[in-house]
Structures are given as structure tokens and as C-alpha cells.
Amino acid sequence: MKELTYSQIIAENRRLEKLAKDKPLRILVVANTVVENLRDYLEYELRSHGMHAAVDIAAYDNAMQESSRLQHDVLILWLDTWNLAPALHTGHLFEDPEVLQALEKNVKTQINTIVKDNEHLPLIVINTFNNLLDPGFPFKKSNMQTLAGNLNAYLYSISAPNVFVFDTGHILLSLPEKSAISRKQFYLFNTLYTNLFFSRYSHHLKFVLLGLKGKTKKALIMDCDNTLWSGIVGEDGFDSIRMGYDSPEGRPFHEVQQMLLGLARQGVVIGICSKNNPKDVQQVIDHHPDMLLGDENITIKKVNWEPKPHNVKQIAKELNIGTDSLVFWDDNEFEVQMMREMLPEVLSFQVPGKTYEYPGVFREQMGWFFKRNITAEDLQKADLYKAQSRREKEKDRFTDITEYLQSLSLEIIIEHQPQKHLGRLAQISQKTNQFNLSTKRYEVADIKSMIADEHTDVLPFHVKGRFGEYGLTGLCIVRYDASTAFLDTFLMSCRVLGRQLEQAFINHLLARLREKGVSRLEAEYVPTPKNQQVARFFGEMGFAARETNEGTTVFSCQVKHFSPASTDFITISSSNDE
């Protein structure tokens, strides 16, 4: 895809800003180098993928003052090694070890203070240090390199949960020096980085920021021929396809499969959608010595001669996720264009014609599955979605939905030690979109604070049934004020929707509130393009509804006299694991 010029970026940015209706993600960039043009590139990358953002650039080279107790959502700290002290790269400071040690200590102290002052922020991004404008020999490790290395080691040792260290080295390595930096601009205007660098930086950083609002993807759907391997198995034959590291034709596909394995191990759902004979594909998966992916890594397969958009919709249905959670790769331009036209919400990419470019292009788009923290739940994701697929197939055998639900032996397990699941609770608050009452996005520190609040109940819950565990798939946060309870958060993973579990949980919650002497329950619904089913749910449950001036709806009920429909086929229990 052709990159837009800077003037086109500015024009498109203005158009997208006018269309935005939601509250912007407020981002502050604090830097000791000139990064003014970053604002336009970063806002464009986020706005063009559905996240309204407003980027502010702080006063130049004033990190400590500009970073004190911010009111933004995200802080980006961009400190270049060459400018950590005045004229550092042109003077002789790098020749004095004592001066360097003092400088290193001072920088670490500044960063530590900034992190502590902003522990309330959802996210602090700190760029790695580099040795650009190094005055030393180009072929010998220099004092600037040593300083940058020591500072980077310090960054990676920071344990604050809201800190993410962003490695800019990958971008610098991927671009020729003249494309990444401009010495001419630097000497004239003190502007070191090019617009191309800002574009690449924004492309990668957007994945970290999109994750704050649950806008990353869940499943990666791959074609087979000339996508997982080189060649066409149905025509060339089992022995002629190539995907081995020792084969020039196969090596790019070997590298892509390695990346797919890594994603699968981090909880990304891997699927296959291929126009092929099922037996041919299965033979490759089961018996080809160079095939890295196996059935233990592949959650779902659609191998037939149906149109691929139809198959992809079926995949989304069986996994019980939205088609906008899918990424699709195919070597065939016709198939990719058809997917883009018929299912535009699916992110569709074409394997490059020059297959030696394939691993690099694939890696550039891996960020769509980025997670700052990998939870135990993520490591079980393939098995959880396989069970979900089996449940959907089993459902087709029944003509009566109640009979089907009763056959599942469903159980909700309320977790009474939420502090054991902080990472997962933050994750589902950030990623759950469809059944989410308020779409409030919480970080680990927020969850911790609410657990410690005596006027708040944090109630995560697991679900299991005849086909196995669904995992920790729900979260309810209740705040109390006198005799009224307020639902701050009520969300459930799409994996467990459509089973009356949400109704069973509310029934349990109402019984719990009666025991506490609560007389009234209120739930403020904040509408989004994806969570309309929450409003339908509370309406169907029989809650009274009151519209507010802010466009929200407050659902309420009198706890003592409320009589919801029975869900006695669902068992509810408590977990008190030590």
C-alpha cells in the first residue's frame, strides 16, 4: 500500500477528527529532541483505525517539569542519548568515565521520578536510548554505546505495571540512515528524525495504544498454498511443496511458521481457510517433516471449495467472536480483494510476490496481536476456542435451545481472591467490547485499588461446562452507597454469550444484594457501536430504564421485589483457592 505524503496525512487527519464522536485518548510526548511532526503521524495512525486521539508535544528538552502529575492518558518519554547533556555529542564528556557515571545516575533518577509521579496513568511509553550522532569510531564500541546500553538495561528493569519500553532500534535497523535521520535538518533546525521514521514509529506504537481500548485482534486465518508453504499441494504433490529452512524456496515460509508458532503460544487463535482437498492439507499437517504447525496449534480449519468470505464468517461464528477480530492472509490477489469487499472489517493482507520479503512484511503486521502482558488464560486460548468450536457444532444437533443449554452442564464459579488474577482482569476490561456495560478500561493498579476499597466488590468469575473450561470470562464491579448498589462494570467474554450465563449471574448478584440489605441496584449503560446487546439484556430482564442528558441509560430495579426468570440449569459456586 502506497504511503501518504505528509500533506495528505494532515488533510486526512483533519477529516477523521471531524468524524470523531468519542472522547479522545490524550497523549503527551516529552522529548529532548524535536518531534513536532510525530503528532500528525501518530494521530493519523490511531484515528484511521477507530481510535480518536489527541497528541500534545511538550516544551523541548524539559522532561522533569513537563512530566509532573499529568492529566493525560498516555505519556511518551523520548530521550536521545546525544542530548542528555548540552552539546554532549560534540564535546569531550564521553572521554571522562566519572562524568559519564554521574550523567547515567542523573538520568536514571529523572526517569524514576517521572515514573513515580505518573503511576496513575494507564500507560507510560519510554523509548530506548540509541547511539545516533556518536562521536566515536564507527567500528569500535564507544562510551556513548556503553551509556545507552546501561540506560536501556535500567529501563528493562523497571517493574511498574504501566511502563512499556519501546525499542526504537528495530526501526533504525530497518531503514537506511539517510531515510531515518537527516543531518541537514539537524544542523539547520535541530530536527534529527525524518517523516519516514515518524511514520514507522507511529505504525508500531499504535498497536501498543490500540490495546488500551481493546482494539487489537484475536484470530489469524491463513491460506495454505503459497502462504504456509511454497507450492500447491493439490497440483505439485506432497513431496514437492517447500517450507523447510534448508530450502531456498521454503525458508521464508519456515520463518513465517516460526512466527505463527510464537503467536499461538501467546494465545493468538490460528486458523486455516483454504480452497483445497481436506485430505491433502491434513496429510501435510500430520506427516510433512518440515511442517512446524500441528493440530495442537491450529484451532479451526475450513478446507473446502466454498467462497472464503463465507468460510471466514463461519469461523467467526464457531469461535463466537466478531469478524472484526480476524486477520486474513492469502497469496491470491483475487481472494484478498474479495475479502476486503465482502468483509471489510476483516484485516486482509496479501503475501508479497517476492517471497523473500514475506517474513519481513508479516512481522510488520504482527502487532495486531500485541499484548503487554501474557496471562495464564492466554496460554490456554487455543484449547478454549477449540472447545467453543465443538460446542457450536454440538448446538446444531438440537432443535430446542433450552434443551441444548441444559445439556452443557454450565457452572459459574465466583472468584473470591481477585488479587490472584490482576493481569487477566485488566486485560478483559481492555479487550471486551460486545457485552460490556460501561466499557471502562482498567489497568492493574486500578483493579488493585478497587479490591482494597471496602465500599467496592470486585467479582471475577470463571465458567466451565461439559466441553471443558471457558476460563476467567466475566467481571462484575459493584460500588455501594448506603442502601444502593451501582454496577460500575459488568462484562463477559464473547466466548460465553448466548448461554443465559449473564442472566444467571445477575440472579446471583440480586440474591447477594438482598443478603447485604441493599434495596436498589443501578447500572449505567454507556452505548458504543458494539455493546447494544447489553441494553437489550437489561430491558429483557425487566429493569426500569431512564435516559440521561449525557446519552447514557440508567437501568434500575428494587432488589427485594425483583423476580427474574429462572436459570436453575446453571450452577453457581465460589472459589476460595489458597
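Questions on a predicted model

Me: Is L46 buried or exposed in this predicted model, and what is its relative accessibility?
Reply: L46 has a relative accessibility that falls under the 20% cut-off for burial, and it therefore counts as buried in this predicted model. The value for L46 is 0%.

Me: Which helix holds L46, and how far apart are the C-alpha atoms of L46 and K206?
Reply: L46 is found in helix α2, which covers residues 38-47. Along the chain, L46 and K206 are 160 residues apart, yet the separation of their C-alpha atoms is 6.1 Å.

Me: Is T439 buried or exposed, and what is its phi?
Reply: With a relative accessible area of 17%, which is under the 20% cut-off, T439 is buried. Although T439 is not a glycine, its phi is positive, at about 50°.

Me: Where in the chain is N320, and what is its relative accessible area?
Reply: N320, which is not a glycine, has a positive phi of about 60°. Its place is in the loop between α13 (308-319) and β9 (326-330). N320 is partly exposed, because its relative accessible area lies between the 20% and 50% cut-offs, at 22%.

Me: Why can strand β7 be called largely enclosed by the rest of the structure?
Reply: Strand β7 covers residues 269-275, and its burial can be judged residue by residue. The strand is largely enclosed because the buried residues number 6 of the 7.

Me: Which strands are joined to β7 by bridges, and how do they run?
Reply: On one hand, 4 bridges join β7 to strand β6 (residues 219-222), and these two run parallel; within this pairing, I221 has G271 of β7 as its bridge partner. On the other hand, 6 bridges join β7 to strand β8 (residues 298-304), where C273 stands opposite K302. The strands joined to β7, in both cases parallel, are β6 and β8.

Me: Which residues of strand β2 form its covered face, and which residue stands opposite I57?
Reply: Strand β2 (residues 53-57) is joined to strand β1 (residues 25-31) by 5 bridges, and the two run parallel. The uncovered face of β2 consists of A54 and D56, while the covered face consists of A53, V55 and I57. The residue opposite I57 is V29.

Me: Why is the second largest pocket said to lie between two domains, and what is its volume?
Reply: Domain 1 (6-212) and domain 2 (219-369) both give residues to the lining, so the second largest pocket lies between them. Elements that each supply at least two lining residues are β5 (163-166), α9 (195-210) and α15 (358-364). The space in this pocket is about 570 Å³.

Me: How many residues line the second largest pocket, and which are the closest to its centre?
Reply: By class, the lining of this pocket has 9 nonpolar, 4 polar and 4 charged residues. The lining residues number 17, and the closest to the centre are H204, R363, M366, G367 and F370.

Me: How many cavities of 30 Å³ or more does a search of the whole structure find, and what is the volume of the largest cavity?
Reply: The search finds 1 cavity of 30 Å³ or more. The largest cavity is lined by L220, L263, V327, W329, F362, Q365, M366 and F369, and by class its lining has 7 nonpolar, 1 polar and no charged residues. The volume of the largest cavity is about 30 Å³.

Key
Residues are numbered from 1 along each chain as its sequence is written. This is a predicted model: local features need pLDDT of at least 70, side-chain atom pairs count only at pLDDT 80 or more; totals for chains, interfaces and linings use all residues. Side-chain values use heavy atoms; hydrogens and water are left out. On a 1 Å grid over the protein atoms alone, a cavity is a set of points where a 1.4 Å probe fits but cannot get out, and a pocket is an open set with protein on both sides within 12 Å along at least five of seven lines; lining residues have an atom within 4 Å of a point. Grid points are joined across faces, edges and corners, and a volume is the space filled by probe spheres set on the points. Ala, Val, Leu, Ile, Met, Phe, Trp, Tyr, Cys and Pro count as nonpolar, Asp, Glu, Lys and Arg as charged, and the others, Gly among them, as polar. Domain bounds come from an automatic or database domain assignment. Buried means under 20% relative accessible area, exposed over 50%, partly exposed in between (1.4 Å probe, protein chains only). Two strands pair if DSSP finds at least two bridges between them.
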